Amino acid sequence: MSENKNLFFQLTKNLNNKKDPFISNRDGTVFSYEDMIKLSGCYANTLSNLGIQKNDRVLVQTEKQIECIWLYLACLRVGAIYVTINPDYTISETEFFVKDSKPKLFIRSHFSKNFEINNRGKVLDGTIIKHLQNTSANSLSVIASSEACEFKTSYCTNDDIAAILYTSGTTGRSKGAMISHKNLFSNAKTLSHIWHINANDILLHILPIYHTHGLFVAFNSIIYSGASVLFYKNFIVNDVINALAFTTILMGVPTHYIRLIAEKKFTKQSAKNIRLFISGSAPLSSEVHTKFKKITNLAILERYGMTETNMITSNPYDGERRSGTVGFPLPDVSVRIRNLENGRIINNGKVGIIEVKGPNVFRGYWQMDERNEVDFQSDGFFITGDLGFFDSAGYLNISGRNKDLIISGGLNIYPAEVERIIDALQEVNESAVIGLPHPDFGEAVTAIITLGDQHTTLNEQDLRNHIRDKLAGFKVPLKIKVKDSLPKNAMGKIQKNLLRTEFKDLYSNKA
Ligand code: AMP
């Protein structure tokens, strides 16, 4: 038999240089690497005793808590498939994920809601339901506490599925991305190397752990490097500023950096212990990048990835971290751009669809063979649905999602290009440029913005003139609407679909 490719085995087999603790919890509890091995073993035995076997799905929907990490690692060790979803989903949304993933075990905090789910057609029949952490006998952590901790990690091949994470499904139904042990290990190893993560590092963890960023990018690369995690349930800006003194890496989304630079307490001195600020999951504006650098003298390192592909590109650790770009393809990852109109591969720096291939790319969507045919090219490249281009120095620039591309009067407008101009204005906090139905143009370029402070006023015509100075006339928004805030998901991504719905009649007679 060839070497065990189980992610847990691979992540932990060379842990000679680890530095304890593995996790320090905000509440003061501390877990060493030995605790991690033991606890994941106790949980793995618990799963086995419940009848969970290789390839069974374990669906997890709980608040952020450390026990999720033991459970995640236990699933890996058993060879079960870890499926985790946002605890904020409603009953009917949750019902969809249960029906789709058909879990053998469902771990959740909102027990009372299970009855409602089941009433809608016995979707939970045959599923074992447990709490994760409370004092009842039905709690996995209580059962695990009296289990043996010795557990032989099961044998897996590279292509065995370690996890299914659902895409956010803003345009259609959420799709379950099947992510293999190899996908996760290759990314963990690569990120650990390129970001120089080592046993002396302490990651300040403030991201949700039902998403690829907070779970895989953070935990897998930390374990592989034998480093430590300071585990916070959420992002409270003052707490984070205080914690920077005890940590060395922060992984965040742009919203976190926007909040940090807005605080007077956030200074070069408060950030002096951190050697690496990483941003991803949504575009980081050049303004935030610049302001951040001005305060700290450190350049945020922006990277790009998605649930289906794990991480794809990163700005360099050494060398220029170019703002407004997501850097270079990771060492073992191939990225190419395909012309939207003629389907040819582009090598001239023009915008097209980003395609990606490598050990990081998922194995396809769960039970959606028809989608897998559409979303992969015959030579194995995955069609990301993002638009972008390589600049002359080889940095990848993201121009937005293909579905957000605006076609107005037959001309293509890439929202990111217009947003960059608007965001650069001092009065503007954030912007979202969207296409709305228009009787003449098909779609009309429209900007929805938020202002820096309530007392700022902005003349719409002045703003349009400013954009016209920088961009061709057809890219200038026909209308600009001001809102107090833009709708965002938990990863800080602006939900343009909600804005399109809200303003759908802006150019019709109904408006
Ligand atoms: P998710 O699957 O939730 O991680 O979302 C992935 C999507 O987020 C990508 O397809 C991109 O559209 C977007 N994304 C991730 N990182 C970045 C980034 N650094 N800049 C711009 N968009 C990003």
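In this predicted model, a backbone N or O atom of Arg303 lies 2.8 Å from a nitrogen atom of the ligand. The model is predicted, so local features need pLDDT of at least 70 and side-chain atom pairs count only at pLDDT 80 or more, while totals for chains, interfaces and linings use all residues. Residues are numbered from 1 along each chain as its sequence is written, and side-chain values use heavy atoms, with hydrogens and water left out.

**Around the ligand**

- The ligand has 15 residues around it, and Glu302, Arg303, Thr307, Asp386 and Lys493 come nearest. A residue counts as near if one of its heavy atoms lies within 4 Å of the molecule.
- A polar side-chain atom of Asp386 lies 2.6 Å from an oxygen atom of the ligand. Ser281 places a polar backbone atom 3.2 Å from a ligand nitrogen atom. A polar contact here is a pair of N or O atoms within 3.5 Å.
- On its own, the ligand has 500 Å² of accessible area, and the protein covers 90% of that. Accessible areas come from the Shrake-Rupley method with a 1.4 Å probe.
- Strand 13 (residues 301–306) gives the most to the shell, with five residues. Strands are DSSP runs of E, at least two residues long, and helices are runs of H or I, at least four; both are numbered from the N terminus.
- The shell has five nonpolar, five polar and five charged residues. Asp, Glu, Lys and Arg count as charged, and Gly is among the polar ones.

**Domains**

- The protein is divided into domain 1 (7–18 + 25–157), domain 2 (195–298) and domain 3 (407–502). These bounds come from an automatic or database domain assignment.
- The centres of domain 1 and domain 2, taken over C-alpha atoms, are 27 Å apart.
- In domain 1, 22 residues are in contact with 19 residues of domain 2. Contact means heavy atoms within 4.5 Å.
- About 1,800 Å² is buried between domain 1 and domain 2, and carbon and sulfur atoms give 67% of it. Leu11, Arg26 and Lys64 supply 39% of the area that domain 1 buries against domain 2, more than any other three residues. Buried area is the accessible area (1.4 Å probe) that two parts lose on being put together, summed over both.

**Backbone exceptions**

- Most residues other than glycine have a negative phi, and most peptide bonds are trans.
- Asp20 and Pro21 are joined by a cis peptide bond, with omega about 0°. Pro21 sits in the loop between helix 1 (7–12) and strand 1 (23–25).
- His196 is not a glycine, yet its phi is positive, about 60°. His196 lies in the loop between helix 7 (181–194) and strand 9 (202–205).

Methods: A polar contact is a pair of N or O atoms within 3.5 Å; within protein, one must be able to donate a hydrogen and the other to accept it, and residues adjacent in sequence count only if both atoms are side-chain atoms.
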